[in-house]
Structures are given as structure tokens and as C-alpha cells.
Amino acid sequence: MRILSLNVWGGMLHAPLLDYLAAVDADIYCLQEVPRAVAARSEWLTYRDGAVELQQRANLYREIAAVLPGHDGFFAPTARGGLMDGDRPCHQEFGLATFIRQDIAVIGQALDFVHGAFSPHGFGAHPRARNAHAFRLYDYKADRPLSVVQFHGLREIDGKGDTASRAAQAEALTALIQRLHRREEGLILCGDFNVLPESRTFQTLSRLGLTDLVTIRGFTDTRTSHYTKPGRHADYMLVNAAVPVADFTVVETPEVSDHRALLLTVD
């Protein structure tokens with residue numbers, strides 16, 4: 001089984017992104033920063049946040065689903081905010097998307113917010129709400145259940161250091177996982193955590209028996225050349241001892257986001 005985790009950057013590099021997602025042929029795709037605007041007329045929308053102005057792919061979730069026809073898609077928005085569709089306002093949802101190959105059974109789910117709550121009338125002030133989506137799966141080929149969880153950690157204006165909000169987020173994430181996961185089964189947690197390797201978040205998650213593959217395998221950079229700020233860690237892939245890791249890598253090329261993809265192969 002191959003599990004891919006990637007912050008897709010709102011589809012800023014949508015053409016190479018879609019090509020890569022189709023070609024990598026993962027069994028499970030855990031994707032963050034996925035937009036969906038069902039009423040959009042244009043392929044691109046304009047997002048504004050103070051002095052920041054970005055072009056955002058209007059319906060990236062739909063486009064990804066189209067290139068993964070053998071997967072079931074699950075979309076979990078954190079908020080619905082206003083963007084501009086040319087000179088016309090347009091609502092867009094933004095959040096997590098998970099795509100699971102159809103020959104893998106979904107036998108349980110847990111979805112909840114680990115920071116804040118759903119914002120239906122705007123994206124809100126920072127730090128914005130964050131959710132996590134957990135799946136308990138049955139892998140017919142390996143003849144065993146497995147839990148796969150993804151989340152996108154909250155972004156603080158002051159950086160990626162430890163804060164009270166991040167501590168509370170880690171506790172909420174742990175509680176969500178415990179609602180679904182059986183301790184004797186394999187557990188994988190991945191996503192854009194928005195924290196540094198020394199964060200107390202990992203101490204909290206270690207209570208679940210989780211160990212991060214990015215840092216213990218010596219990877220020092222999960223950002224691409226499109227990210228120019230200091231601090232090159234953001235994305236992590238954690239496993240417990242019941243996960244038989246065959247291979248793990250932080251993908252250097254192609255660059256399809258300002259984040260690098262994480263790719264785990266499980267025996």
C-alpha cells in the first residue's frame with residue numbers, strides 16, 4: 001500500500017500537480033489546502049487577505065477526483081469564504097481531501113475540528129480553524145485493518161513555535177484518533193503540521209506510539225524552491241510499531257507545490 005501526503009497549495013501549480021497525482025498511483029492520497037467552489041464560472045479565483053493576493057484554483061477537488069477515477073473522494077472543509085470570480089464575488093470552501101482506492105474498504109471514520117470550529121461566513125482571523133480526518137480501513141491484500149489520519153496544523157502569525165493553541169490542538173487530535181483506532185492495529189498520521197521538529201506536539205502524539213519518519217530518517221527539508229522563507233520543516237508522516245514500513249521518502253521532484261510530497265510504502 002502506498003500513502004501520499006501533500007499540501008497542494010490551493011492548486012497554484014495545478015497542471016503539474018494533476019499529472020503527478022495521476023502518475024504516482026498511490027492507494028491513499030491525503031491532501032491539504034484543497035479548494036472547492038461549486039458555483040464558480042472561472043477556472044481561477046482571486047483570494048485576498050490584507051496585502052496578500054493570490055490566484056486560487058476554483059474547483060481543485062473536482063479536478064483531482066477526475067484524474068483519480070478509481071478512488072473514492074472525501075472532502076472536509078474548514079471554512080467557506082469569499083473570493084472574486086472576475087468582478088463577481090464567489091464562495092469557496094477550503095480544507096482537507098482524502099482519496100482512497102476503491103479496492104480498500106472504509107470501515108470507520110472520525111472527522112472533527114482540532115482547533116476552532118467550521119466558519120461558514122468567511123475564512124476568519126488567524127489562527128484559523130483546523131480539522132482532522134481519520135479513516136479505519138481494511139486492506140484486503142494484506143488482510144488487516146489500518147488507520148490513516150491526516151490534518152493540517154494551525155498557522156500562527158508568529159511562526160511555528162509551541163503555543164497554548166498548538167498544545168490544545170495536539171490533545172484534540174490525540175482524542176480524535178483514540179475514538180477510532182484500535183491500539184493493536186497499524187496507525188499512520190500525516191499532513192502539514194505547521195510545527196518544527198522539536199515541537200511538544202510530537203511528545204503528545206508519542207502517547208499513541210507514533211514516531212515521525214521525516215526526522216528519524218534524516219530529511220531536513222519538506223519545502224520546495226517555491227517556498228523562500230526560513231524553516232524548511234512543515235510536513236510529517238508518523239507511524240506506530242504495527243506499520244511495516246517498506247519505504248519512505250520526501251519527494252524532491254517534480255515540484256508541484258510549495259510543499260514536497262511525502263510517500264510511504266507499507267508491506
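In which helix is the place of Thr-174? Thr-174 belongs to helix H3, residues 164-180; point 5 returns to this residue.

1. Basis of the model. This is a predicted model, in which local features need pLDDT of at least 70 and side-chain atom pairs count only at pLDDT 80 or more, while totals for chains, interfaces and linings use all residues. Residues are numbered from 1 along each chain as its sequence is written, and side-chain values use heavy atoms, with hydrogens and water left out.

2. Overall architecture. The protein has five helices and 14 strands; helices (H or I, at least four residues) and strands (E, at least two) are DSSP runs numbered from the N terminus. The C-alpha trace spans about 55 × 40 × 35 Å along its principal axes.

3. Of the 267 residues, 55% are buried (buried means under 20% relative accessible area, exposed over 50%, partly exposed in between, with a 1.4 Å probe and protein chains only). Among contacts (heavy atoms within 4.5 Å) between residues at least 6 apart in sequence, 71% join residues at least 24 apart.

4. Helix H2. In H2, residues 60-67, the buried residues include Leu-60, Tyr-61 and Ile-64. They lie on the same side of H2 because they cover an arc of only 100° around the axis, the arc being that of the directions from the helix axis to the C-beta atoms. An α-helix has 3.6 residues a turn, so residues three or four places apart point the same way. The buried residues of H2 pack against helix H1 (14-24), strand S2 (28-36), strand S4 (52-57), S5 and S6.

5. Thr-174. Leaving aside neighbours within four places in sequence, Thr-174 is in contact with Thr-204, Leu-205, Arg-207 and Leu-208.

6. Asp-87. This residue lies in the loop between strand S5 (71-85) and strand S6 (88-101). With a relative accessible area of 71%, Asp-87 is exposed. Its C-alpha atom is separated by 9.7 Å from that of Thr-46, which is 41 residues apart from Asp-87 along the chain.
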